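Subject: Structure handed over, with notes

Dear colleague,

Please find below the structure that I promised to pass on to you.

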Amino acid sequence: MALLSILHFPDPRLRIQAKPLPAVTAETRRLVADMLETMYAAPGIGLAATQVGVDKRVIVVDVSENQDQPRVYINPQILRRDGTERMQEGCLSVPGVFEEVERAEHIRVRALDRDGEPLEFDADGLLAVCIQHEIDHLDGKLFVDYLSELKRRRIRKQLEKELREGRERPRTGAATPSI
Ligand code: K1U
Ligand code: ZN
């Protein structure tokens, strides 16, 4: 297994639309193992392949208290959304920023598991929020896109300043500002 570098906003690679996987292969399983190791090390409760520079529709999530219930979703799709709720979110690609975002409260999800077996299930609470956040990553969308232009600009300037000053952030990749 290997720790992968996490891209930081405003790296343009975070805006790439990830492609569905035609099949789950040994290479997919290696990517999943590396993503899980990277998520736990960060630490985080989710990670999308886009965040580690891989344009494949793979996400990993673990919202359990002891971080011992990894979930792997390949080609995840939201079939239904019900209700709305606001929850504070963070993002490993936007370090140090936590903001409230409005999302669907209940979702129905279809995906493949790490063995390529089809799954369909309902999610709510933190799991639903995290799955929506990770699927957004696969579509090149970041939680800061839900904030005001002013807040987003401030966050971008702060992260670019940190990048210029060479602030060390262990195990995370260097961003290439798009502007
Ligand atoms: O996708 C990511 O950037 C991971 C992100 C997921 C997420 C967090 C909160 C709401 C929605 C989605 C994170 O994991 S940020 C770190 C974090 O929330 C956390 C880290 C350690 C323990 C508990 C939470
Ligand atoms: Zn994120």
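Predicted model: local features only at pLDDT ≥ 70, side-chain atom pairs only at ≥ 80, totals over all residues.

Residues are numbered from 1 along each chain as its sequence is written, chains are lettered from A and ligands numbered from 1 in the order in which they are written, and side-chain values use heavy atoms, with hydrogens and water left out.

The sheet and its helices

Five strands make up an open sheet with antiparallel pairing, in the order β1-β2-β3-β4-β5; strands here are DSSP runs of E with at least two residues, helices are runs of H or I with at least four, and both are numbered from the N terminus. Two strands are taken to pair if DSSP finds at least two bridges between them. The edge strands, each pairing on one side only, are β1 (46-48) and β5, and from one strand to the next the twist averages 30°; axes are lines fitted to C-alpha atoms, for helices over the stretch in contact, and angles run from 0 to 180 degrees between N-to-C directions.

Strand β2 (residues 58-61) is joined to β3 by four bridges, the two strands running antiparallel; valine 60 has valine 72 of β3 as its bridge partner, and valine 58 has isoleucine 74 of β3. Between β3 and β4, which also run antiparallel, there are 12 bridges, and arginine 86 is partnered by glutamate 102 in β4.

Helix α1 (residues 26-41) lies across β1, β2 and β3 and runs at about 40° to β2. Helix α2 (residues 125-138) packs on the sheet and touches β1, β2, β3, β4 and β5, its direction making about 120° with that of β3; contact means heavy atoms within 4.5 Å.

Cysteine 91 and histidine 137 are both buried, that is, under 20% relative accessible area, with exposed meaning over 50% and partly exposed in between (1.4 Å probe, protein chains only).

Arginine 103

Arginine 103, in strand β4, counts as buried at 6% relative accessibility. The residues that arginine 103 touches, not counting those up to four places away in sequence, include Glu85, Glu89, His133 and Tyr146. Its side chain makes a polar contact with the side chain of aspartate 136 (2.9 Å); such a contact is a pair of N or O atoms within 3.5 Å, where within protein one must be able to donate a hydrogen and the other to accept it, and residues adjacent in sequence count only if both atoms are side-chain atoms.

The aromatic pair

A search of the whole structure finds one aromatic pair, namely tyrosine 73 and phenylalanine 121, which are stacked at 5.1 Å centre to centre with 25° between the planes. Rings of Phe, Tyr and Trp (its six-membered ring) pair if their centres lie within 6.5 Å, and planes under 30 degrees apart count as stacked, over 60 as edge-to-face and the rest as tilted. Tyrosine 73 is buried, with a relative accessible area of 4%, and phenylalanine 121 counts as buried at 15%.
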